[in-house]
Amino acid sequence: MSETKGLIPHLVVKNAAKAIEFYVSALGAIEVARMPTNDGRLMHAALKVGDASLFLCDDFPEYRGGVSRTPAGPSPVTLHLCVPNCDDAIAKAQQAGATVTMPAADMFWGDRYGQVIDPFGHAWSFSHPLTAEQKAAAEKRWAAENPFDKNVVA
């Protein structure tokens, strides 16, 4: 792991082995390392998702005063992936067990963008860039739907 650099999300999940299966299936992740405990839980795992690293481990509330560190509801943190096709990425994640919380749509800032919640409570978003024509149409649509401030989109 010492070769890994930069900011690396480190997720706490219930059933890290299942989470690895999900991330491989849903995100095309590649498992790099897995360090199990004697009871079968994972104290550490490392994955590659595209060019990025992702760490995860099982929840160990017995070492945190009985408090779970897994999300009780949707996580307030969203992990974002730039992908070749946002719609395909969302469909693949949904097929693997994620819940779509924001279907893909053309956004005024110039991306096709959508969000899912994975089976472990973590939020993910996906995007790919729009063409100039698609961005202009999305800006126009957004401005028409949000009349409260016409100066936001130039």
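Mentor: Strand E4 (residues 52-58) is largely enclosed by the rest of the structure, because six of its seven residues are buried. Keep in mind that this is a predicted model.

Trainee: What makes a residue buried?

Mentor: Its relative accessible area has to be under 20%. Six of the seven residues of E4 pass that test, and in the chain 40% of the 154 residues count as buried.

Trainee: How do you know that E1 and E4 pair, and in which sense?

Mentor: Pairing takes at least two bridges. Strand E1 (residues 10-13) and E4 have four, in the parallel sense, so by that definition they pair. One spot to look at is His10, which stands opposite Phe55 in E4.

Trainee: And what about E3 and E4: how many bridges are there?

Mentor: Five, this time in the antiparallel sense, with E3 covering residues 42-49. The cut-off is at least two, so E3 and E4 count as paired too. Here Val49 stands opposite Ala52.

Trainee: What sits between E3 and E4 in the hairpin?

Mentor: Two residues, and Gly50 in that turn has a positive phi of about 65°.

Trainee: What share of the contacts with a separation of 6 or more joins residues 24 or more positions apart?

Mentor: That share is 52%, with a contact meaning heavy atoms within 4.5 Å.

Terms used. Residues numbered from 1 in each chain as written. Predicted model: local features only at pLDDT ≥ 70, side-chain atom pairs only at ≥ 80, totals over all residues. Heavy atoms only, no water. Buried < 20%, exposed > 50% of the residue type's maximum accessible area, 1.4 Å probe, protein only.
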